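Please walk me through this structure in plain terms. I would like an account of its helices, its loops and the spaces inside it.

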Amino acid sequence: MTTDTATDVFEEHRPVLLGVAYRMLGRLADAEDVVQEAWLRWSGSDRAGVREPRGYLVRVTTRLAIDRLRHIKSRGETYVGPWLPEPYVTDFGDTVPDTAERAVLADSVSLAVLVVLESLSPLERAVFVLREAFGYPYAEIGAMLDRSESAVRQLAGRARRHVDERRPRYDVDPAQRRDLTERFLAAAADGDLEGLMSLLAPDVRLVGDSGGKSRAPLRVLESADKVARFLVGAARKGIPDFSYRFLEVNGGPALLALSGDKPDSVFQLDIADGRIQSVYIVRNPDKLRALAAV
């Protein structure tokens with residue numbers, strides 16, 4: 001395999017590798033670093049015996065992501081306030097035409113699921129990502145991770161139970177989520193407390209991620225009254241030179257708020273039974289840098 005061919009092969013699989021690394025780490029910068037390291041391993045390896053480049057590259061990327069995740073956990077990093085994954089612009093377009101497959105991919109990268117995945121062990125997370133998001137057979141995952149098929153099945157079962165028990169229930173209909181997001185924005189911008197209350201589930205949760213670097217609640221807010229009052233108060237303070245646009249983020253519609261041409265925050269909602277169940281707000285500027293070019 002020539003150098004040019006090796007580059008072409010790697011670039012062909014780069015989106016999959018980035019998808020694996022991001023689901024493993026929840027941080028786009030870390031995921032890109034892992035994919036870059038995978039490229040260095042690939043470009044410097046003897047590729048003559050590689051029959052399945054995609055499988056080889058996914059194995060290398062997964063192992064690198066596991067190592068990085070273990071390193072992050074071993075450092076015992078402290079984070080100011082609630083943590084949310086870095087917003088990841090997803091636009092499956094015509095690349096994933098099947099509705100069921102799109103739903104699986106969207107769910108596997110959703111903010112709600114990625115938050116739950118943070119509580120899995122690195123190995124459990126790797127098995128969950130490879131199995132649930134990318135559909136790899138247990139035996140193939142075992143070969144990637146140097147584990148037996150039975151061990152992988154046990155890890156997969158434990159991870160699936162953990163995720164099912166902890167993730168919020170929500171509907172994935174993008175049209176409904178977009179409609180409620182627009183109504184949510186209008187009510188908040190108008191300071192319409194009653195209008196907001198009518199959109200929120202009684203036990204709605206608001207999770208704000210600032211990393212201590214901008215204004216956001218330092219704890220999760222719960223109940224329609226608390227969430228609505230916070231949003232009305234935040235809207236009154238306003239954002240200088242405010243504008244917004246809609247993006248597809250983490251598999252669903254989201255609102256990107258801008259201050260001038262600079263990303264200020266990302267809002268995304270989880271919907272169930274026609275009401276807003278969760279409000280996610282990412283305001284940590286470190287997690288919004290990639291959106292400046294969107």
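What volume does the second largest cavity have? The model is a predicted one, and in it the second largest cavity has a volume of about 40 Å³. The structure holds two cavities of 30 Å³ or more. Lining the second largest cavity are Ser 110, Leu 111, Ala 112, Arg 177, Asn 250, Gly 252, Gln 268, Asp 270 and Tyr 280. By type, this lining divides into three nonpolar, four polar and two charged residues. Two elements, α5 and β5, each supply at least two residues of the lining.

Asn 250, one of the residues that line this cavity, is found in the loop between β3 (242–249) and β4. Its relative accessible area is 2%, so Asn 250 is buried, the cut-off being under 20%. The backbone of Asn 250 has a phi near 50 degrees, which is a positive value in a residue other than glycine. A positive phi is also found at Asp 273, where the angle is near 55 degrees and the residue is again not glycine. Asp 273 lies in the loop between β5 and β6 (275–282). Whereas Asn 250 is buried, Asp 273 is exposed, with a relative accessible area of 58%.

The largest pocket is the next space to look at. About 760 Å³ of space lies in this pocket. Its lining consists of 32 residues, and those nearest the centre of the pocket are Ala 234, Ile 239, Asp 264, Ser 265 and Phe 267. Helices α9 (174–189) and α11 (224–237) and strands β4 (252–259) and β5 (262–272) each supply at least two residues of the lining. The largest share comes from α11, with six residues. Sorted by type, the lining of the largest pocket has 20 nonpolar, six polar and six charged residues.

At 1.5 Å a residue, the 18 residues of α8 (residues 149–166) should span 26 Å, and the C-alpha atoms at its ends are 26 Å apart, which agrees. Which residues of α8 are buried? They are Val 152, Leu 155, Ala 156, Ala 159, His 162 and Val 163. Viewed down the helix axis, these buried residues fall within an arc of 135 degrees, so they line one face of α8. That buried side packs against α5 (111–117), α6 (122–133) and α7 (138–145). The face of α8 turned away from the buried side carries the exposed residues Gln 154, Arg 161 and Glu 165.

Leaving aside residues up to four places away in sequence, His 162 touches Val 116, Ser 119 and Leu 120. Asp 164 also has its place in α8. With a relative accessible area of 42%, Asp 164 is partly exposed. The C-alpha atom of Asp 164 is separated by 21 Å from that of Ile 141, although the two residues are 23 residues apart along the chain.

After α7 comes Asp 146, whose phi is positive, near 55 degrees.

The last stop is Leu 196, which is found in helix α10 (residues 193–199). Is Leu 196 buried or exposed? Leu 196 is buried, with a relative accessible area of 0%. Not counting residues up to four places away in sequence, Leu 196 touches Phe 184, Ala 187, Ala 188, Ala 228, Leu 231 and Val 232. Between the C-alpha atoms of Leu 196 and Gly 81, which are 115 residues apart along the chain, the separation is 24 Å.

Definitions and conventions
Residues numbered from 1 in each chain as written. Predicted model: local features only at pLDDT ≥ 70, side-chain atom pairs only at ≥ 80, totals over all residues. Heavy atoms only, no water. Helix = DSSP H or I, 4+ residues; strand = E, 2+ residues; numbered from the N terminus. Expected span 1.5 Å × (residues − 1). Buried < 20%, exposed > 50% of the residue type's maximum accessible area, 1.4 Å probe, protein only. Arc of directions from axis to C-beta. Contact = heavy atoms within 4.5 Å. 1 Å grid on protein atoms, 1.4 Å probe; cavity = no way out; pocket = protein on both sides within 12 Å on 5 of 7 lines; lining within 4 Å. Points joined across faces, edges and corners; volume = space filled by probe spheres on them. Nonpolar A, V, L, I, M, F, W, Y, C, P; charged D, E, K, R; others polar.
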